[in-house]
Amino acid sequence: MRMPVFRGTKRWLTLVSCLLLSTILFAACGENSPSILNTAGPVAENESFLFWVVLYTSLFVFVGVEGALIYSIVRFRERPGMPNPRQLHGNTALEITWTVIPTAILLFVLVVTIRGLLQVAPEAEPTLAQGPKIEVTAIGHQWWWEFHYKEWNITTADSMHVPVGTTVHVNLFSNNVIHSFWVPALTGKTDLVPGHANAKWFVANKEGTYMGICAEYCGTQHANMRFDVVVDSQDAFKTWVSTQQQNAVTPAAGSLADQGMQEFKNACVSCHGIVGVDATAPANTAVDCVDSSPPNPNDTAKNCLIGPNLTHFGSRDLIAGGVLENNKAQCDPNDPQLLEHCNLAKWLNDPQGVKPGNDMAIGQLNHDQIKGLVAYLESLQ
Ligand code: CUA
């Protein structure tokens, strides 16, 4: 007797559930979502190669097994008047076959995986990395990224600049909880473990801006712990370095930006540093407290600032771990609707509303204070 599987309401419910389930699939198709398949460098290429190998191997097994299953169901289905099939108990050849084939397939995947692991491991850097090399220290905070370039005494946040075609050696530190450094287009995930010095390397072959993500749950604002990797041409990177090495520009006396600088000196200096204002080069930031091996976040002899170094804030694309974009063009301090248009103003007006739980513990600033700070901070190119 045939069972009526789909009938009326049941059929519609099934269709609607399938449609709803498919939205999970399409949720991954956001225009801005970074992908491990959109690679821009050899380390990420190695990793995506591994993805394809495992995918095609699985596909081969799936099609083979399901094909045999469907064939058997159709070919050997029960027909009227058929005798019972021959009863078998054990078949050595068959059992050896279905042991040897999966073993060979898994061994193949294992060999390719180990080969891939060895190629992207920090130990592979001296042999596989080519061309010039730079070193960056990335520090995970709750919840933002600090980047320190020891060679040039630069400390920045949220945006990590690197030159194209260069091996980037990244030292990974945390003085709080475990974070994970991930730039899908450039390199896979490596954890930042408190009290432990980790490192990784990557090379970017294409200029552009690539999204970086914290890939380890690290507290309520884990999702708002993003950063940018800006891959510059060799020349543009040199220019960036020399700009970042400059002290912050001093605004003209009496200007709006000057008022902002005074505001900064009053309200912000206990946590933030601006080289030329309250910090000196080498920029004293949280990096002082972790840039030793093993890192020592309790070293009171060092001037450890809690918040990001803001020396060249105006040159950055993101605010506060990427919770907002630094939309400088919308930040005319004299705009009466500054709070609606300018993300920095939004942030200064209500940091806890924008990113609950962050360390910005300032009192409510008035409109004039915000105006001044916007004028000043956005002028710091
Ligand atoms: Cu840091 Cu998640």
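**Entry 1: the chain as a whole.** I began with burial, and found that 41% of the 381 residues of the chain count as buried. I note here that this is a predicted model, and I read every value below with that in mind. I then looked up the secondary structure, which comes to 11 helices and 12 strands in the chain. For contacts in the chain with a separation of 6 or more, I found that 67% are accounted for by residues 24 or more positions apart.

**Entry 2: the hairpin of E2 and E3.** I turned next to strand E2 (residues 144-149), which is joined to E3 by 4 bridges, the two strands running antiparallel. Together E2 and E3 form a hairpin with 4 residues between them, and in the turn I noted asparagine 153, which has a positive phi of about 55°.

I then asked myself whether the faces of strand E3 (residues 154-157) are covered or open.

**Entry 3: threonine 156.** I picked out threonine 156, which has its place in strand E3, and asked why threonine 156 counts as buried. Its relative accessibility is 2%, and buried means under 20%, so threonine 156 counts as buried. Which side chain makes a polar contact with that of threonine 156? I found that of arginine 316, with a polar contact of 3.1 Å joining the two side chains. Leaving aside neighbours within four places in sequence, I listed the contacts of threonine 156 as Trp145, Glu146, Phe147, Tyr149, Trp240, Gln244 and Arg316.

**Entry 4: the open sheet.** I traced an open sheet of 5 strands, which has mixed pairing and the order E4-E10-E9-E6-E7. Its edge strands are strand E4 (159-163) and strand E7 (187-192), each of which pairs on one side only. Direction ignored, neighbouring strands of this sheet are turned by 25° against each other on average.

Within the sheet I looked at strand E6 (residues 179-183) and strand E9 (residues 208-214), which run antiparallel and are joined by 2 bridges; there I found tryptophan 182 standing opposite isoleucine 213 in E9. I also noted helix H5 (residues 234-245), which lies across E4 and strand E10 (226-232) and runs at about 130° to E4.

**Entry 5: helices H6 and H11.** I looked up how helix H6 (residues 256-267) meets helix H11 (residues 367-379), and found that their axes come within 7 Å and cross at roughly 105°. H6 and H11 are therefore roughly perpendicular to each other, because angles of 65 to 115 degrees count as such. From H6 the contact is made by Leu256, Ala257, Gly260, Met261, Glu263 and Phe264, and from H11 by Gln369, Lys371, Gly372, Leu373, Ala375 and Tyr376. I sorted the residues of this contact of H6 with H11 into 7 nonpolar, 3 polar and 2 charged.

**Entry 6: threonine 57.** Finally I looked up threonine 57, which has its place in helix H2 (residues 42-75). Threonine 57 is buried, with a relative accessible area of 13%, and, its neighbours within four places in sequence left aside, I find threonine 57 in contact with Ile105, Phe108 and Val109.

Terms used: Residues numbered from 1 in each chain as written. Predicted model: local features only at pLDDT ≥ 70, side-chain atom pairs only at ≥ 80, totals over all residues. Heavy atoms only, no water. Buried < 20%, exposed > 50% of the residue type's maximum accessible area, 1.4 Å probe, protein only. Pairing = 2+ DSSP bridges. Polar contact = N/O pair within 3.5 Å; in protein donor to acceptor, adjacent residues only side chain to side chain. Contact = heavy atoms within 4.5 Å. Axes fitted to C-alpha atoms, helices over the stretch in contact; angles between N-to-C directions. Parallel < 35°, antiparallel > 145°, perpendicular 65-115°, else oblique. Nonpolar A, V, L, I, M, F, W, Y, C, P; charged D, E, K, R; others polar.
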